Amino acid sequence: MTNDEARRGHGELDPATLCVHGGWRPDEAQRAAVLPLVRSSTFQLFDDAYAAMVEGRADEAWIYSRLRNPTLDAVQEKLAALEGAERALLFASGMAAIHAATLACVGAGDRIVAPRSVYGSTWDLFKNLLGPLGVRTDFVDQEDEAALLRALDAGPVRLVWAESLSNPTMAVADLPRLAAHAHARGARLVVDATFVSPLLQRPLALGADLVVHSATKYLAGHSDLVGGVVCGGADLVKQCFRKLQLAGGCMDPQGAWLLDRGVKTLHLRMARHCEGSLRLARRMQAHPDVLRVLHPGLESHPRRELAARLLPRGSGGMWSMVLAGGDARALRFVRALRLALEASSLGGVETLVSLPFNTSHARLDERERVAAGIAPGFVRVSTGIEEHEDLARDFEAALSASRGA
Ligand SMILES: Cc1ncc(COP(=O)(O)O)c(C=O)c1O
């Protein structure tokens, strides 16, 4: 099978096969079984490269690695195939990808409608970086249909932003509904699908115009690199390329190579994250010291039916719980864990826990946190791929150790 034949066949291959074989096939010249790492920052110029530069097609030739690199090409091809996208573009971080995707859709004078619970740095970008440049963002509870419609119809809107699952309250975005609302108003829908990965949801097939990921999380999967990706139609991704070209947030080839290695096991890891998180969440739901568990796979989740429809293979490793005893108890709990690590970030093979009150939502006071759905005692969990029973015992022992002052 040649590279081109393999590429043409991608549309018919199962995601598990794409994780392993997508993007790179050994070629006649190199015969390497594994994607070669091309560290070269620059490339010998031929006539095609000169023509590409002159004609504004700098992304179409190997000229300079800020613009294009063979190792990144292969990983982009794999990720595009997994997302069912025409094109994917890698970035130095999830935030670089979010920055480019946003600026591909809006300019001065435009308006964004984004979820109130949006990831903190995205909120900061929209409000404090783009706001002063003339891009207005209205943050709204996207689950509240009346509030959403009010925000959408408050004036012309260019971009509707969504996250597949919200952090840390695990709200499920109704992507087909958001896409219909956005497109009816001439706006684009961009979805941050970091929490679910393309193995569990393909937002483009649900109506999104672009999908972005922090590749730092599930895609890479081992908490050992920072990266981002944008996937979508060729024209819109080309707009993102212009931002990458000029803002310079390109991924390093070494990072792309590591990302490719991570993605090779994405299907195995996601299945394990889904199973492990559900088992641990159920076990905690039955514990007398746990007041509430938020997991889209549990019958108790308020949007269980929507989750089953939009995430039929599971919702990944992320879930949250509220402990009796408030934030002080939650802090004692995370410090008493022996296996799970108290750390921000998510999506790695190791279980991580974090407390919104001293991390993502530290800027809010307790009353504001409660209004955002974060009760005292709230703990966010990113379930890794360890043995379930070992994790459950670690959590139960930490719950016992953290009782009382
Ligand atoms: C949902 C979500 N989007 C985007 C990002 C930003 O990604 P990065 O840290 O790779 O820039 C994060 C990081 O935690 C995230 O959780």
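Reader: Which residues in α10 do His99, Ala100, Ala101, Leu103 and Ala104 in α5 meet?

Author: They meet Leu236, Gln239, Cys240, Lys243, Leu244 and Ala247 in α10; contact here means C-beta atoms, placed from the backbone, within 7 Å. Helices (H or I, at least four residues) and strands (E, at least two) are DSSP runs, numbered from the N terminus. This is a predicted model: local features need pLDDT of at least 70, side-chain atom pairs count only at pLDDT 80 or more, and totals for chains, interfaces and linings use all residues. Residues are numbered from 1 along each chain as its sequence is written.

Reader: OK, and at what angle do α5 and α10 pack?

Author: About 120°, with the axes of α5 (residues 94–105) and α10 (residues 234–247) 8 Å apart. Axes are lines fitted to C-alpha atoms, for helices over the stretch in contact, and angles run from 0 to 180 degrees between N-to-C directions. The two helices are therefore oblique to each other, a label left for angles that are not under 35 degrees (roughly parallel), over 145 (roughly antiparallel) or 65 to 115 (roughly perpendicular).

Reader: Switching to the sheet: what's the strand order?

Author: β1-β7-β6-β5-β4-β2-β3, an open sheet of seven strands with mixed pairing; strands pair if DSSP finds at least two bridges between them. The edge strands are β1 (87–91) and β3 (136–140), each pairing on one side only. From one strand to the next, the twist averages 20°.

Reader: How many bridges join β2 to β3?

Author: Five, and β2 (residues 111–115) runs parallel to β3. Pro115 stands opposite Val140 in β3.

Reader: Which helix lies across those two?

Author: α7 (residues 145–152), running at about 170° to β3.
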